[in-house]
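Hi,

Here is the structure I promised to pass on. Have a look at it first, and then read my notes below.

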Amino acid sequence: MSTNLSKIFVARLIGLDVFDPLGDRLGRLRDVVVLLRPGSKPSVRTRPLVVGLVVEVLGKKRVFVPMTRVTSIDAEQIISTGLVNLRRFEQRGAETLAVGELFDRTVVLLDGSGTATIEDVAMEKSNNRGDWVISQLFVRRSQATGGLIRRRNQTLVVDWEDADDPSNAGPQPATQWIAQHEEDQAADIADELRDMPDKRKLEIAAELQDERLADVLEELPEDDQVFILTHLDNERAVTLLAEMDPDDATDLLNELPEAEAERFITMMEPEDAEDVRRLREYEEGTAGSLMTPVPIVLPPEATVAEALAHIRQEEIIPAAASAVLVCRPPLETPTGKYLGLVHTQRLLRYPPPEAIGNLIDRSIEPVPDQASLADVARELATYDLTILPVVNDQDRLVGAVTIDDVLDALLPEDWRTYDDGTPVRKVGKRYE
């Protein structure tokens, strides 16, 4: 039988279910909100007050539950009472997220033994009113050995008052934060980043792997995309643009001043730069401006087995994997003569050695690269398609428009959030 705890380390709470008094599950704990308070004297450090919990409820919406509503905390569950305000959580004033902003901080130990990295914090009840405060830090210390600073596997627990205020620290690594979000979809990470202070956004971006950060950038609002990209060093910014889908990279570059966008393009590999330049030539709102120039393209002699192997590639998004486009060589866009498409569902009905040229659906007409957004949307809706080939005036394939490209263009700029600021969930590009 579990017991209500008066002191517990926060990392042990993350992921616990939060229930109401009747036993109905409200959601899952994602972070703890603390209020950093100045001491009564410069030499006195007041312990941070724990003001509430960040709870992920149905639909992955994150809401705030005040500590005054928390009646029980133990190693298995958290119990809250009263109604929960389902408005999206937003940080205010001096509020700090324990996991998001304190973990991984470097602090100076006031006993003169050096620096340490915060790996966890302890919260405990401080008075009869039931107030919770951050009382201790679980840290990993670096020690000087033989004149060199070596990473020692030494951990210790120190009182909050015995370490320099982590809010005054310099750059904060994001090692633990990234580890805790390793299984999250890129859209989920983007939702968390959009509410973080700019400094923390850059710290997390600095430690995310290039491919992962590129996926996250594609899910962020344009302002955040520009902010992160322009605060990275040029080499990494160009690497990220190359990792992004060409149409997404082009959209991002179009948000930059022309001189800055051109500087990035000239630094890209010639093949990547060529894709971007071609997309930038199209007028906004045309099929050419919406399309990706790298759909799945194969010759008619390719087999069903080869086509399915291309579809299975991890980087292919579901909409683009719904069909293979068949063209005469060259197969890089702009291709040779466009012949038609083969639906993935049809590929599954035929033996592996069958040539895909025998399976072409010739009833689906491609759209011209100058076709309007309305025309593209109408074609997709009329034939229940998720991908539509795009050709130039010489009947050469130049790309393909997917349903998500069209939705992004048709929906308002703030489509990623509802009126109350709640994020609209979007299926990520990766599936395990």
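**What I found**

Let me start with β14 and β15, which run antiparallel and are joined by five bridges. Before going further: this is a predicted model, where local features need pLDDT of at least 70 and side-chain atom pairs count only at pLDDT 80 or more, while totals for chains, interfaces and linings use all residues. Residues are numbered from 1 along each chain as its sequence is written, and side-chain values use heavy atoms, with hydrogens and water left out.

Helices (H or I, at least four residues) and strands (E, at least two) are DSSP runs, numbered from the N terminus. Two strands pair if DSSP finds at least two bridges between them.

Back to the strands. A323 sits opposite H343 in β15. On the other pairing, β13 and β14 (residues 323–327) go together in the parallel sense over two bridges, and V297 has L325 in β14 as its bridge partner. Put together, it's an open sheet of three strands in the order β13-β14-β15, with mixed pairing. The edges are β13 (297–298) and β15 (338–343), each with a single partner strand, so one side of each has no neighbour in the sheet.

Even so, β15 is largely enclosed by the rest of the structure, because five of its six residues are buried (under 20% relative accessible area; over 50% is exposed, in between is partly exposed, with a 1.4 Å probe and protein chains only).

The loop between β14 and β15 holds T335, which counts as buried because its relative accessibility is 0%. Leaving aside neighbours within four places in sequence, T335 is in contact (heavy atoms within 4.5 Å) with V297, C327, R328, P330, R396 and L397.

Now for a pair of helices. The axes of α5 (residues 210–219) and α7 (residues 234–243) come within 9 Å and cross at roughly 70°. Axes here are lines fitted to C-alpha atoms, for helices over the stretch in contact, and angles run from 0 to 180 degrees between N-to-C directions. That makes α5 roughly perpendicular to α7 (65 to 115 degrees; under 35 is roughly parallel, over 145 roughly antiparallel, the rest oblique). Which residues meet there? D210, E211, L213, A214 and L217 in α5 meet R236, T239, L240 and E243 in α7.

As for the whole chain, its secondary structure comes to 15 helices and 18 strands, and buried residues make up 47% of the 432 residues.

Cheers
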